[in-house]
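Open the model in your viewer and keep the selection panel at hand. The stops below each give something to select and then say what is there.

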Amino acid sequence: MARRFSIFFFGVLIGLMVIRFAFPGRFVEYTQYFDIDYRVLYHLKSDTIYLSSSAKCSLDCYGIRKEEVLDVLDGGKINFQKSDQYSEPCKFYVVEKESLRVGFDLCHEKVTLRNFSIIKDSCLCD
């Protein structure tokens, strides 16, 4: 019985090695998908992002472009304490990177940039 398990696990190991070298980069991407931060950021990046009226006001107030705000998706971290991942119909996630904090509504059909703020700066938009 132990011999069968050792042969099975040896076969699984060989299979993983073949997959890892046959599809470079994809194997790591699949294993990262089990990380909740990576999965949420992946879903936020994979769809078209629309701007709410509050986000448009903040863009004008801070004088920055949409692309600069969306840069938070590259290397940002999800703040689950400020997020509401159980709300319906859209989940709300706060992504933080350096001094930028961005709130996204993740719905089934679209992603909306709800609001954002630059820490230690004030801009009044509602």
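Predicted model: local features only at pLDDT ≥ 70, side-chain atom pairs only at ≥ 80, totals over all residues.

Residues are numbered from 1 along each chain as its sequence is written, and side-chain values use heavy atoms, with hydrogens and water left out.

**The whole chain**

Colour by secondary structure. The protein has five helices and five strands, in the order α-α-α-β-α-α-β-β-β-β along the sequence. Helices (H or I, at least four residues) and strands (E, at least two) are DSSP runs, numbered from the N terminus. Among contacts with a separation of 6 or more, 44% are between residues 24 or more positions apart; contact means heavy atoms within 4.5 Å.

**Helix 4**

Select S54, A55, S58, L59 and Y62, the buried residues of helix 4. Seen down the helix axis, they fall within an arc of 140°, so they line one face of the helix; the arc is that of the directions from the helix axis to the C-beta atoms. These buried residues pack against strand 1 (49-51), helix 5 (66-70) and strand 5. Just after the helix, G63 takes a positive phi of about 70°.

**Aromatic pairs**

Show the aromatic side chains. The structure holds five aromatic pairs. Rings of Phe, Tyr and Trp (its six-membered ring) pair if their centres lie within 6.5 Å; planes under 30 degrees apart count as stacked, over 60 as edge-to-face and the rest as tilted.

Select Y62 and F116. Their ring centres are 5.7 Å apart and their planes at 40°, so this pair is tilted. Y62 is in helix 4 (residues 53-62) and F116 in strand 5 (residues 111-118), so the pair ties together parts 54 residues apart in sequence. Y62 counts as buried at 16% relative accessibility, and F116 as buried at 5%.

Go on to F80 and Y93. Here the ring centres are 6.4 Å apart and the planes at 90°, so the pair is edge-to-face. F80 lies in the loop between strand 2 (77-78) and strand 3 (91-97), and Y93 in strand 3, so the pair ties together parts 13 residues apart in sequence. F80 is partly exposed at 27% relative accessibility, whereas Y93 is buried at 6%.

Then select F5, F8 and F9, which ring pairs link into a cluster.

**Backbone stops**

Most residues other than glycine have a negative phi, and most peptide bonds are trans. Select E88 and P89: a cis peptide bond joins them, with omega about 0°. P89 is in the loop between strand 2 and strand 3. Last, select E98, a residue other than glycine with a positive phi near 55°. E98 lies in the loop between strand 3 and strand 4 (100-106) and counts as exposed at 79% relative accessibility.

Key
Buried < 20%, exposed > 50% of the residue type's maximum accessible area, 1.4 Å probe, protein only.
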